[in-house]
Structure formats: C-alpha cells, structure tokens
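Welcome! Take a look at the sequence and the model, then read on.

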Amino acid sequence: MGDMLAAAVPMVRTLNLEFIEVTPERAVLRLPDQAEYHNHLGGPHAGAMFTLAESASGAIVLTAFGEQLSRAVPLAVRAEIDYKKLALGAVTATATLGRPAAEVVADLDAGKRPEFPVAITIEREDGSVSGEMTVVWTLRPNG
C-alpha cells in the first residue's frame, strides 16, 4: 500500500513519509524529522503535518474501500485540523474510519454518494498528542 500511495501521490514521496501500518481498520504513517520541512520553531511545518495526516486518511480509505475502486472514486470532501501542542522531531499520524466500511458500501450499493469521516491523531515521539484532524471522504460513483 505504501508503494502504491507513494507512486500515486507525489507529496508522500516529497516528505519521505513512512508507512508503519496500513489495514482496513487503521493506518499509521510517520513523518521523519527533516530540517528542510521545519517551521520557525524547529519542528515539522504545519503543512507537512497536514499532509501526513491527510495521507494517513487516504491510506485507510484506499485499503478499506479498495474493492470499490472499479465503480467509485474516493475523494476528500473537507478537512479540519487542530494543532494542540508543539511538535518537535518525528511525528506519527494514526487514522481510523468514523463509520463502518460495510455501512458506507451499503450506501454506495443503494445508489447514494456516501460520505464518511476519518479521524487522525498526530503524536510526537513521546506519545503526546500534537494535533487532531478529521477528513470527510466520499466515494463518488463512476459515470
């Protein structure tokens, strides 16, 4: 999954994101500590943290709904991020689906364009929560 996402999304390669775990229930990605992506305080830039979290959400969506890609395109609809604590060093984003995948697929089967949230927690190496993000996704039916 990590190789596929890196090939499809250039920002994943640009930021050197690492795929720690990707399952239909959970995706964990890591942003290594890289000086070229630091902010004025010496930690990861807010845009890099946003990209990390959004990429984690995309990884779980592609894994959970991979079997639907022949009939629907996953698209991010909106996102909200809350930066809670200064991040220094590497940070990790953990994404989880906010609705059961079967429920989302049932909506798609019923001819609807389902929306569903993905919750992401961004943590520092010491385990402190540095940020929280929600990305609302949809599966847009083809045609």
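Predicted model: local features only at pLDDT ≥ 70, side-chain atom pairs only at ≥ 80, totals over all residues.

- Six strands form an open sheet in the order 1-2-4-5-6-3, and their pairing is antiparallel.
- Strand 1 (18-22) and strand 3 (72-83) stand at the edges; each has a single partner strand, so one side of each lacks a neighbour in the sheet.
- On average, neighbouring strands of this sheet are turned by 20° against each other, direction ignored.

**How the strands pair**

- Strand 2 and strand 4 run antiparallel and are joined by five bridges; here Val28 has Thr94 of strand 4 as its bridge partner.
- Seven bridges link strand 4 with strand 5 in the antiparallel sense, and Thr92 stands opposite Glu123 in strand 5.
- Between strand 3 and strand 6 there are 11 bridges, again antiparallel, and Asp82 finds its bridge partner in Glu132 of strand 6.

**Helices across the sheet**

- Helix 3 lies across strand 1, strand 2, strand 3, strand 4, strand 5 and strand 6, and runs at about 35° to strand 4.
- Helix 4 lies across strand 3, strand 4, strand 5 and strand 6, and its angle to strand 6 is about 30°.

**The nonpolar core**

- The largest nonpolar core has 31 residues, and the ones touching the most other members are Phe116, Val118 and Ile120.
- At least two residues of this core come from each of strand 2 (27-31), helix 3 (46-64), strand 4 (91-97), helix 4 (101-109), strand 5 (115-124) and strand 6 (129-141).
- Helix 3 gives the most to this core, with eight residues.
- Beyond its neighbours within four places in sequence, Ile120 has contacts that include Ala53, Ser57, Ala93, Ala95, Met133 and Val135.

**A closer look at Ser128**

- Is Ser128 buried or exposed? Its relative accessibility is 17%, and buried means under 20%, so Ser128 counts as buried.
- Leaving out residues up to four places away in sequence, Ser128 touches Lys85, Ile122 and Glu123.

Methods. Residues numbered from 1 in each chain as written. Heavy atoms only, no water. Core = buried A, V, L, I, M, F, W, Y, C linked by side-chain atoms within 4.5 Å. Buried < 20%, exposed > 50% of the residue type's maximum accessible area, 1.4 Å probe, protein only. Helix = DSSP H or I, 4+ residues; strand = E, 2+ residues; numbered from the N terminus. Contact = heavy atoms within 4.5 Å. Pairing = 2+ DSSP bridges. Axes fitted to C-alpha atoms, helices over the stretch in contact; angles between N-to-C directions.
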